[in-house]
Structures are given as structure tokens and as C-alpha cells.
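Try each task before you read its solution.

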Amino acid sequence: MQPTITVQDLEQGYGKTIILKDINLTVNQGQILALIGPSGSGKSTLIKSIMGMLLPKQGQVRVLDTPMPNRLILGKIGFMAQSDALYQGLTGKENLEFFGSLLGMNQAKIHAQLDYVTGIVNLGPHLDKFVKDYSGGMKRRLSLAISLLGQPQILILDEPTVGIDPELRAHIWDELHKLAQQGCTILLTTHVMEDAEQADQLLMIRRGEAIAQGSPQGLLDQFEVKQIEQVFIKAGRNQDARLGSN
Ligand SMILES: Nc1ncnc2c1ncn2[C@@H]1O[C@H](COP(=O)(O)OP(=O)(O)OP(=O)(O)O)[C@@H](O)[C@H]1O
Ligand SMILES: [Mg+2]
């Protein structure tokens, strides 16, 4: 079976500035991969490369064995960008209807999905409010609901849990695991170690490099620590030693 997402020897940046170096990853169908790293480490840059919004400076990105961007493949991806792209002057429900219609869904199909996607993020009671009156967390939740609308084969989520309380976060993770079991491939970014522990695979990025990569348990064993956070700290120290800085 072909992997769903592959990144090979990716080098990426903006203009002459190199942001990511030597990034390799493979996500198979039904797997969840979390990209974890500090602010500015290059997580969103990697997500944008996978979506084909940035073409690789070097190396390869393939989704469903196809170089990105590709319109057909984009139609199979539920994407949630780091900054919410929502219509402030429309209600939550109207936003869902609008984005559903962009996916080519008719109103009956959209409404059949509405309860499910808004239930996942617990937005049901707020659907008739204008988005301009939403809190930051509510906007994230609406963006997540929109990314789930078309029952995508692949979910690519840039910081889906920002501004989301622990109870709802747990509920969202239950749903992501269910979707993965049904064959959905999920790639997400996070700053939060609790999220990282839920993924099948972790890719830790620091200063544009992959400093550790593997399953949560595999990384705990490899670094001989008890918590994912400690893996990150140890791997970061190794990187500093290698790069000759502190
Ligand atoms: N459009 C751009 N033009 C130039 N530099 C950029 C651009 N977007 C991002 N960068 C730079 O690339 C680096 C990585 O940014 P990126 O957004 O990928 O980080 P991140 O890991 O997603 O951070 P955060 O956790 O804060 O979202 C940063 O130094 C940032 O300033
Ligand atoms: Mg980012």
C-alpha cells in the first residue's frame, strides 16, 4: 500500500532564508502524526509545503502518490489553517453552508453532516450567532467543524486545539481516533504535550530540523525518559551540542 503522505529530504524556506532542512516523514492510511515544536520552528511551513502552498526548494512532497498542489487531491483533504479563514458577517451555520457548497455539497448533504460536525466541537448552541461575536476558541472550533464537513480522507490541521478547554480537547481526540480507525489519515501541529501523546507518530521540529521522530512510546524508550516533554528537552540539548551553541 502507498503511504498517504510522504515528505522526502525537504528543504524549505522563504526567499533566500532556509527554514526547514532534511525533513522526512511518512504517514500511512489511518495514522495520526503530530508535528510538535516551539513557535517559529517551521511547523506551519511544513504544513503549507504538504498542501502545496509552498513548492519545495529541494526534496519531494507527495500526497496519495501525487506531487502537490493537485486540485483533485486537495478535494480529499480537510484543511484547517492556523489563522481562521471565516466570514465574520455570517453566522456559524451560514459559514458551514458556504464552505460545504464550495466542496460541491448540496444543502441536504450539508444539513445531514451539520449535527455531526458541530457536535464534535460542541458548537450546536452557537450556530446562529455571527462569527464576529465568537470567542477565539469558538472560531477554532468552527474551523475544525468546517474541515470535517466533506468526510475527507485526509485531515491536515494546524493547531486545532488552541483555545480549546481540556474536556472538549478530550472529546475532539476521541473523534480523531474514531476517524483514524475508519481510515482517515491525520496530520496536525501542536504545542501541547498532551496532544502529542495521543498521536501514533511524533515529529519534533526545532530550529527547522527534525530532532526526534517516532511513536510516543518509542521515543520515551529511546531517550530513556518518562514524559514526552523530556524527550523534546533532551533532543534539543543534543541538537545544541551538535550545532555548537547553547
Ligand atoms: N511568509 C513568510 N515569509 C517569510 N518568513 C516566514 C513566512 N512565514 C513564516 N516565516 C518564518 O518561518 C519561520 C517558521 O515559521 P512557521 O510559521 O512555520 O513556524 P511555526 O512552527 O508554525 O510557529 P507557530 O508555532 O508560532 O505557529 C519563522 O521564522 C517565520 O518568521
Ligand atoms: Mg504555525
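**Exercise 1.** Is Gln82 buried, partly exposed or exposed?

Solution. This is a predicted model, in which local features need pLDDT of at least 70, side-chain atom pairs count only at pLDDT 80 or more, and totals for chains, interfaces and linings use all residues. Residues are numbered from 1 along each chain as its sequence is written, chains are lettered from A and ligands numbered from 1 in the order in which they are written, and side-chain values use heavy atoms, without hydrogens and water.
- Step 1: Recall the classes: buried is under 20% relative accessible area, exposed over 50%, partly exposed in between (1.4 Å probe, protein chains only).
- Step 2: Gln82 has a relative accessible area of 43%.
- Step 3: Gln82 is therefore partly exposed.

**Exercise 2.** Find the protein donors of the magnesium ion (ligand 2).

Solution. 
- Step 1: Donors are N, O and S atoms within 2.8 Å of the metal (3.2 Å for Na, K and Ca); water is not among the atoms, so sites may look incomplete.
- Step 2: Ser44 gives its OG and Gln82 its OE1, at 2.0 to 2.1 Å.
- Step 3: Ser44 sits in helix H1 (residues 43–51), while Gln82 is in the loop between strand E6 (77–80) and helix H3 (92–102). They are 38 residues apart, so the pair links distant parts of the chain. Helices (H or I, at least four residues) and strands (E, at least two) are DSSP runs, numbered from the N terminus.
- Step 4: Check burial. Ser44 counts as buried, at 18% relative accessibility.

**Exercise 3.** Describe the surroundings of ligand 1.

Solution. 
- Step 1: Ligand 1 is surrounded by 13 residues (a heavy atom within 4 Å). Ser39, Gly40, Lys43, Thr45 and Gln82 are the closest.
- Step 2: H1 supplies the largest share of this shell, three residues.
- Step 3: Look for polar contacts (pairs of N or O atoms within 3.5 Å). The side chain of Ser39 has an N or O atom 2.7 Å from an oxygen atom of ligand 1. A polar backbone atom of Gly40 is 2.8 Å from an oxygen atom of the ligand.
- Step 4: Taken alone, ligand 1 exposes 640 Å², and the protein buries 61% of that (Shrake-Rupley method, 1.4 Å probe).

**Exercise 4.** Where is Gln113, and which residues does Gln113 contact?

Solution. 
- Step 1: Gln113 belongs to helix H4 (residues 107–120).
- Step 2: Gln113 has a relative accessible area of 10%, so Gln113 is buried.
- Step 3: Leave aside neighbours within four places in sequence. Gln113 then contacts (heavy atoms within 4.5 Å) Met105, Leu148, Leu149 and Gln151.

Methods:
Polar contact = N/O pair within 3.5 Å; in protein donor to acceptor, adjacent residues only side chain to side chain.
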